[in-house]
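Student: I have just opened a new structure and would like to talk it through. Could we begin once it is on the screen?

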Amino acid sequence: MQYPKFDNVAPLSLDGENTAARINRDEIAQTISAALQHIERLNERILIELGRCHALQVVNAGLEGAQASQERERAGLLARIESLEENLETAQSKRLGLLEELTETRVILRSREGYIDRLENALTETRRKLRRARQTWLDRLIVGSEASE
């Protein structure tokens with residue numbers, strides 16, 4: 001197996017370790033540590049955002065349920081309005097029929113009132129004639145009884 005050759009290899013330290021490699025390793029460790037901390041912070045933010053998303057989903061589901069409920073209520077109200085409109089049309093039709101009957105009844109009553117007025121006048125005239133006839137009969141009776149005396 002062949003190892004790559006590096007042009008910029010730092011000299012070995014007293015303990016036999018390459019100083020540049022050790023510095024590079026420390027920098028890499030610090031970078032990795034910083035990256036892990038950054039990843040943890042990102043994870044926390046992601047979890048917070050997921051919590052917010054979940055809360056929004058719950059709110060959205062509640063709103064959808066409320067909207068569906070309102071749509072059902074609206075449909076029920078529209079059906080009720082339609083029923084009331086039909087009832088109103090029926091009531092108006094009945095009212096027109098009753099108004100026609102009332103008009104006919106008034107016409108009949110007026111004609112009967114005229115008939116009753118004529119009957120009352122005829123009765124009054126008949127009573128007057130009867131009173132005159134009675135008086136005439138009484139006057140004749142008195143004249144007849146005076147003549148017999």
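Student: Where does Glu82 lie?

Tutor: This is a predicted model. In it, Glu82 lies in helix α1, which covers residues 19-148.

Student: And how many helices and strands does the protein have?

Tutor: The protein has one helix and zero strands.

Student: Which residues gather with Glu82 in a patch?

Tutor: Glu85, Glu86 and Glu89 gather with Glu82 on the surface, and the patch they form carries negative charge.

Student: Now nonpolar residues. Which ones form a patch on the surface?

Tutor: Ile28, Ile32, Leu36 and Ile39 form a nonpolar patch there. Together these four have about 350 Å² of accessible area.

Student: What about Ile28 on its own, where is it found?

Tutor: Ile28 is found in helix α1. With a relative accessible area of 43%, Ile28 is partly exposed.

Student: What share of the residues is buried?

Tutor: Of the 149 residues in the protein, 1% are buried.

Student: Let us change topic to charge pairs. How many salt bridges are found in the whole structure?

Tutor: A search of the whole structure finds two salt bridges. As background, side chains of opposite charge can pair when their charged atoms come close.

Student: Which residue forms a salt bridge with Arg52?

Tutor: Glu49 is the partner of Arg52, and their closest N and O atoms are 2.7 Å apart.

Student: How are Arg52 and Glu49 placed along helix α1?

Tutor: Arg52 and Glu49 are three residues apart in helix α1, so about one helical turn separates them. Glu49 has a relative accessible area of 40% and is therefore partly exposed.

Student: And which residue forms a salt bridge with Glu125?

Tutor: Glu125 pairs with Arg128 in a salt bridge, with 2.5 Å between the closest N and O atoms.

Student: Why are Glu125 and Arg128 separated by about one helical turn?

Tutor: The separation is about one helical turn because Glu125 and Arg128 are three residues apart in helix α1.

Student: Last one: are Glu125 and Arg128 buried, partly exposed or exposed?

Tutor: Glu125 counts as partly exposed at 28% relative accessibility. Arg128 counts as partly exposed at 37%.

Notes
Residues numbered from 1 in each chain as written. Predicted model: local features only at pLDDT ≥ 70, side-chain atom pairs only at ≥ 80, totals over all residues. Heavy atoms only, no water. Patch = residues over 30% accessible without salt bridge, like charges linked within 9 Å, V, L, I, M, F, W, Y side chains within 5 Å. Areas by Shrake-Rupley, 256 points an atom, 1.4 Å probe, with all protein chains shown as cover. Salt bridge = Lys/Arg side-chain N within 4 Å of Asp/Glu carboxyl O. Lys, Arg positive; Asp, Glu negative; His and termini not counted. Charge placed at Lys NZ, Arg CZ, Asp CG, Glu CD. Helix = DSSP H or I, 4+ residues; strand = E, 2+ residues; numbered from the N terminus. Buried < 20%, exposed > 50% of the residue type's maximum accessible area, 1.4 Å probe, protein only.
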